[in-house]
Amino acid sequence: MRLQLLSMSKHFVSIVAFFLLVGLNLQAEVKLTSIFGSHMVLQRDHANPIWGWAAPGEKVTISFSGQSHATTAGKDGAWRVKLHTLKVNAKGQTLTVKGSNTIQFTDVLVGEVWVCSGQSNMAMSVDRAYDPDLEILTAKYPNIRLISVPQVGTQEPQNDFAGEWAAATPDTVKSFSAVGFFFGRTLHQALDIPIGLIDNAWGGSAAEAWIRRDRLAKLPAAKPFMEQWKQTEATYDHEKATAKFNEKLEKWKTAATAARKAGKSMPRRPRNPRNPLTGQHRPGNLYNGVLKPTIGYGIRGAIWYQGESNSSRAKAYREVFPLMIQNWRDEWAQGDFPFYWVQLADFRDEQPEPIDDNWAELREAQTMTMDRLKNTGEAVIIDVGEGRDIHPRDKQTVGRRLARWALAKDYGLKIPYQSPRFKGMEIKGDKAVITFDHVGVGLYSFDVANPKGFAVCGKGRKFVWAQTRIVGKNQVEVWAEGITPTQVRYAWAVNPVCTLMSREGLPATPFRTDDFKMVTEGK
């Protein structure tokens, strides 16, 4: 009996040793984050970092395009190397990583890489934009490469994600960011080089969720938002919320069955509870779960379409948005890389009289960010929105206007890229003369002879619609009967009727000359 037990004990030890050995071998395997893979695009003219994990102390060698770099995994198993700068290459090459095992990534191109981020208007896919059938049928761009990052909201920094690079084809492009794809396609057609696009947008996301939490906590403007979230984190119980939902669901099922039998209209089904702790509004959630696994990958810059979820906190956005951009730049350690965003489109009903509005204030905060941070730019789309839908379908125009910024500022093409913007005001008797910058060959009023969208006020601070006329290349004269103007606003509404643009077709940037109290003050 004792010998049998001893034999069983030895057998058990052997099994344990076998699995330990297997585990050690598995741990020793070289691994890279999913941002690296076959069909990827590496950033040209940049010392691209390559990183991953292996057994502590394991030697790792990376070979690509005639280069070879060796390093040793640290005590935590992490390793990192930098490739020498690369020139554009549209012919697929193989990147090889060797340790105890060998990984080969094939069909790797070298070109321009951009991050496409924000909320639902960036996430909105090609198959929901204008002419989806034609856009999908013609999406045959083997040198445009796409990768999407799944939506993971967490307070724990992630080092990897489930995703892979793919060439732009009718199958892959239909679910990809429309703004991102149309932006990238314009660059590809203009530059004739490979383009890599990283889509990590999440519908409804708040800017605060994209910022490292410890940095956001130091921002006074974000304090009310942070305090609100601390309360939610301390009190929310998802199990309890789910139990309450299940009770409501059972009652609904009973009521729905009775209504069906009686031929009456069906009651509305209760909504499934969403866990805010794992959602896209909690501070730091998307920085940790979506952005963090890609930080450091070689890029040219980022494009951004977000703001709707922050419109009720528009004044705070003046501080939150620049902090977010700076946070990304600091973490990426790639200098002040270009960051271009889309100003909010027009939306909801047109207003018969000039009124204050939080969307107007959010647009102002977006515009002000260009003065706060260098290498930034704003695509104005006040003429592209749809009153009935917060998600305008004309994503082609949006992508092209973003691409204008990149083509002009980053690739040296001499094309118009910035919308006319308020420069100054001079009061001349009963008229105000507004001077604009960035007017191209001159100002123009679309559809009507004299620009619409201007409002003026006198000492009483009550704004009324103004009469206007373009005077010269870069000026608009503004007045209203019976008022000596003191302040002027343009396109200051959620859905303004506004017609001023440059003759190149770029709409004038909404603005106000006053600093009256904001409706989002303190929110």
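Me: Before we start, what do buried and exposed mean here?
Reply: Buried means under 20% relative accessible area, exposed means over 50%, and partly exposed is in between, using a 1.4 Å probe and protein chains only. Also, this is a predicted model: local features need pLDDT of at least 70, side-chain atom pairs count only at pLDDT 80 or more, and totals for chains, interfaces and linings use all residues. Residues are numbered from 1 along each chain as its sequence is written, and side-chain values use heavy atoms, with hydrogens and water left out.

Me: OK, so is S502 buried or exposed?
Reply: S502 counts as buried because its relative accessibility is 2%.

Me: Where does S502 sit?
Reply: In strand β23, residues 500-502. Strands (E, at least two residues) and helices (H or I, at least four) are DSSP runs, numbered from the N terminus.

Me: And what does S502 touch?
Reply: Leaving out residues up to four places away in sequence, S502 touches P420, V439, G442 and Y444. Contact here means heavy atoms within 4.5 Å.

Me: New topic: how many disulfides are there?
Reply: The structure holds 0 disulfides. C457, for instance, is in none, and its nearest cysteine sulfur, that of C498, is 19 Å away. A disulfide is a pair of cysteine sulfur atoms within 2.5 Å.

Me: Is C457 buried or exposed?
Reply: C457 is buried, at 0% relative accessible area. C116 is buried at 0% too.

Me: Which helix has F182?
Reply: F182 lies in helix α5, residues 178-191, and is buried at 1%.

Me: What about F182 and K395?
Reply: They're 213 residues apart along the chain, yet their C-alpha atoms are separated by 7.4 Å. F182 touches K395, and its other contacts include V126 and G399.
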